[in-house]
Amino acid sequence: MLVDWVASLYQSVQATFVAHGWPLWVLAVLTAVLKVAGVLVWILLNVLFLIWLERKISGHVQNRPGPVYTGRFGLLQTLADALKVLLKEDVIPAGADRWVFVLAPLVAFVPSVMIWVVIPFSRGVQAQDLNIGILYVAALASFTVPSLLMAGWSSDNKWSLMGALRSAAQLISYEVPLILAELGVVVLAGSLRLSDIIAAQQRSVWFLFLQPVGFVVYFIAALAESNRTPFDLPEAESELVAGFNTEYSGFRWSIFFLTEYANLLGMASLAATLFLGGWSGPFLPPFVWFVIKTYFFVFLAMWIRWTLPRIRVDQLMDLGWKFLLPVALVNLVVTGVFVVL
Amino acid sequence: MGSDPIELDKVKGEIQVLVARRADGPALTSGAQAIREQFPDLEVSIRPDQWLEMAVTPDRLLPVAQVLRDQLGYTYLLSLTGVDWQEKGLQVVYHLQNLDKGLFLVLTVALPAQDPHIPSVTHLWPTANWQEREAWDLVGIYFDGHPDLRRILMKEGWPGHPLRKDYRDTRPLRERLPKTERR
Amino acid sequence: MALDTHSERRTETLEIPGSDLPRTEEMMVNMGPQHPSTHGVLRAVLTLDGERIVDVDSDVGYLHRCFEKICEQQNYPQIIPYTDRTDYLAGMTNELALVLTVEKAIGLEVPRRAQYIRTIMAELQRIHSHLIWFGTFALDMGATTPFLYSFRERETISDFFEEITGARMMYNYMRYGGVRNDITSEWVKKVQAFLKRFPENLQEYDDLFTGNPIVHARTQGIGKISAEQAIAYGASGPVLRATGVPYDIRRADPYLVYDELQFDIATASEGDVWARYQVRMQEMRQSVRMLEQLLAGVPEGEIMGKAPRIIKVPAGHYYGHVDSPRGEVGCYLVSTGERTPYRLHWRSPCFVHLQLLPLMAKGHLMADMVAIIGSIDIVMGEVDR
Amino acid sequence: MGVLKNVVNSVVGIAKGHKVTLKEMLRPTVTVMYPQERLDLPVGSRGIPVLLSDEQGNLLCTSCGVCERECPVQVIHIVSHRGEDKRKVLDEFDIDMSRCMFCGICAEVCAFGAIAMSDQYELDDFEQGDLIYHKDQLAAIGRTQRTPITNYGIKTEVGVLDQVRAGRASAAQTAAAPATSTPSSEGSRSE
């Protein structure tokens, strides 16, 4: 209903523009700005909630209550923390490469927002339904590498440098199985467009059941891409102090933090779209289904984080190249044969 | 009691080291006798707490230690430390254990108060490395032949050796409650 | 370096994994004194080739508090609270080392009830300390949750300690000739109830952490030392037992009532991080076994023997040692017959074990360094004293 | 096949861990919300040492000074003088809580049971000097004794430490006023 209302509103505004003879590019810019604002608000709200959720889940896993004081059930705790972080002193180390150091968090954050351009929230609610949706997402995901390299290298800190090098190796290695796993879905759906993939799942079943191996590979690789335990090597608190963000503090650090959760959310929603049929589902409104499925993956990632120890860097490489990659390749071949037959 | 070996059925693999229970009575006496046979001129006594005790001079330390480790089986150096006896000089004390026979030996070496030098036993018992460094750091004994004799607990360039009896800490004290005049 | 050449005869040559790989420019990194997993203020200067460790030089002394010098100015009862603060995770066993040495020197008789209580406390302390080790080791490996679980059980033991001794960490409980406070039958029942459910908790740790394939991959074959190396370097406790040497002072030089107890010395043969891990997990189970026997048979009687009002140790020198959770704690006491020791030397296991760090870590990765430090179970309070 | 077995074992191992965490997630928490709820400390738990009084409110301390001598960190400071009946009168009894290590030796060596370890432990303050507790403060906490001495310790009333600290300013004022308690130089130590 909301969708229809927005659509009719858009049409009436467009009609007004046409009637008055105003240039239509103004309208295009306006809608783009509105869309970006909408996506940003969505991400920020979700990240606030995610951080709270992570703390609550970790708390309950560890037999403690998690945040309780600020707001009901501590819901406003993240907001309070965000305020605190914003008010902190902005430290740039003396030896740091100033501009790279300043730019790195932005380079990390912007792609994590841009992923949301192609994610379908509900029927027709999508900032832009690109016909190369999956390719676009994969391209943006690799943007994390330069940003973390920038952060680690510019900090002028050996721990940061090691974190950056680790992250570069890790992200590049896991990009390949990630995309190969996505390709299995693409082969089944016959399209790179995310809305087509959802439509294909509505016609048959969720691709989770057709692509179980692909799903597992995707999920593991996605965890590694978003630097979450057991793949949090670039940060690796107990080894590298804080990895690439050792020297970051205050607002800049919080941007990295934000990016981490935005990436997690992006990966989870993409997983929901590719393997669980996106927003489609009975009884409940499509948007609610989308949120439920996304948060199912988010919960899974958090549950894993608070259970597993960290993997070692050479084992990470082994897992990526010697296990996930062959498995993903075989999966792709089998899928292809299956589709041809 | 006695020196029966500890049950080894739980031990996996091809481990040769047996650990015997503390020797007493005849086993202890024969342990002392074994040392006396090697060094007829050195006095080995049995302490009331069932430790063997012997004293050597610094120049004889290395040959004695070599024989103790290789022929008499004192492979395990428990502890090494120095004691400052003020005008009577300094002393280095080695606590050794023979794991197979359950013999415990304390070896003391008296040193002059001025310029105390003693050969290092690091090449015999590598564990002596840090313990000798500690003895140098805190008591001020030079271990000749030590691979890396520098301060370990105090910072580099610290004046004096704190466990010497004549050492005085010259740093200012934090104010304390005043002591009562009675004392 | 000189060490390796000298000890060639006794120690096999070190095979550095990955030494055949191409090398790049080396990098020096200061791990500590401020680092999340150096367990205090250990500073290890690492020479790294990429992430591979070429050389380790450890620097200790950041927590040096002149324990031995202080003891020369305190009379004997006043030293007891200081010994708690050397190895602050196993205060009871440290007090025991001092108290047993002094009792041996004076020839004090300790009532059987006090001996039983001391043994109970020492074994509870072992579980208490190993639980912390388990938690922090898991934390080093990047798993946060086991830490909280092990602290949950540790708190229960702390409560037991607090009820009897009055403190949770710095007990000041042992006395020359006995113990400070008596245990009650309710307390015994509470501890027995805890021991009943504790194996379930251990099973939970096993499910959560021990059985995890990532843990296996990260611990097996890492930080390996041979039995000969361990003995040559004076290792004791779990570090030595993990190489297959069943050396346990509780059996080799029995004190208190360990002679009357049934227990196995936990050993493993591999000598790597995984072996040390297994030995400690096994030791907790053995401690439970011992505690069950001890609690069932606490004799009635006095808790303090006939100690003189003013403790004076006869002139001479004495060495006493006990098996603390970390290894052999030795107390070397030199007395001239005064009310204060003439010299007190504290042989702490962690200080000795840290020498093994280069031997264990060379050739492994940065991440293994953390696991190796965790597996030695160092307490800097004890290293620096 | 070896690889497959390996994979299955790994999956089983990981799944077991997740079972544990899920089970614990659904369990009630074990922590206590500290400032609001407090755990009940056993009697004998060593908080700050306090001075005990008899029923008439007179201090049991005879100023023998054994605690001062036996304290390992020398934080006890006693000043006394001979009264008219040749008995010692306690003028000052200070404990520097910033150095006290709560070992309980003072309570143990006291032959008159005049010192006990209380269950008060929240010593936070703004001035280091305020951590030196004087005779009246220690006695005021000791007078709220609720249990008999067990393991050299007693329980006192909840919050008595706060009251004593809040009363510090007013106590200092009354001490400065003439004709109170002992004739000794109480004002000189109040800084």
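**Chain contacts in a predicted multi-chain model**

Between chain D and chain C, the count is 18 residue pairs in polar contact, both residues being at pLDDT 80 or more; a polar contact is a pair of N or O atoms within 3.5 Å, where within protein one must be able to donate a hydrogen and the other to accept it, and residues adjacent in sequence count only if both atoms are side-chain atoms. This is a predicted model, in which local features need pLDDT of at least 70 and side-chain atom pairs count only at pLDDT 80 or more, while totals for chains, interfaces and linings use all residues. Residues are numbered from 1 along each chain as its sequence is written, chains are lettered from A and ligands numbered from 1 in the order in which they are written, and side-chain values use heavy atoms, with hydrogens and water left out.

**Chain D against chain C**

- Helix 1 (2-25), helix 2 (66-70) and helix 3 (105-109) of chain D each supply at least two residues of the side that touches chain C, helices (H or I, at least four residues) and strands (E, at least two) being DSSP runs numbered from the N terminus.
- Helix 1 of chain D gives the largest share of that side, with nine residues.
- The side of chain D that touches chain C divides into 13 nonpolar, nine polar and eight charged residues, where Ala, Val, Leu, Ile, Met, Phe, Trp, Tyr, Cys and Pro count as nonpolar, Asp, Glu, Lys and Arg as charged, and the others, Gly among them, as polar.
- The contact (heavy atoms within 4.5 Å) takes 30 residues from chain D and 29 residues from chain C.
- The area buried between chain D and chain C is about 2200 Å², of which carbon and sulfur atoms give 48%; buried area is the accessible area (1.4 Å probe) that two parts lose on being put together, summed over both.
- Five salt bridges are counted between chain D and chain C, a salt bridge being a side-chain nitrogen of Lys or Arg within 4 Å of a carboxyl oxygen of Asp or Glu.
- C:Glu204 forms a salt bridge with D:Lys23, with the closest N and O atoms 3.8 Å apart.

**Chain C against chain B**

- Among the five pairs of chains that touch, chains B and C have the most contacts, and their contact takes 56 residues from chain C and 61 residues from chain B.
- About 5100 Å² is buried between chain C and chain B, and carbon and sulfur atoms give 58% of this area.
- Four salt bridges are found across the interface of chain C and chain B, and B:Glu134 forms a salt bridge with C:Arg385, the closest N and O atoms lying 3.1 Å apart.
- Strand 6 (residues 316-324) of chain C gives the most to the side of chain C that touches chain B, with four residues.
- That side of chain C divides into 24 nonpolar, 16 polar and 16 charged residues.

**Chain A and the salt bridges overall**

- No contact joins chain A and chain B, whose closest C-alpha atoms lie 25 Å apart.
- Over all chains, the count comes to 56 salt bridges.
- A:Lys322 forms a salt bridge with A:Asp318, the closest N and O atoms being 3.5 Å apart.
- A:Lys322 and A:Asp318 are separated by about one helical turn, because they are four residues apart in helix 14 (residues 313-340) of chain A.
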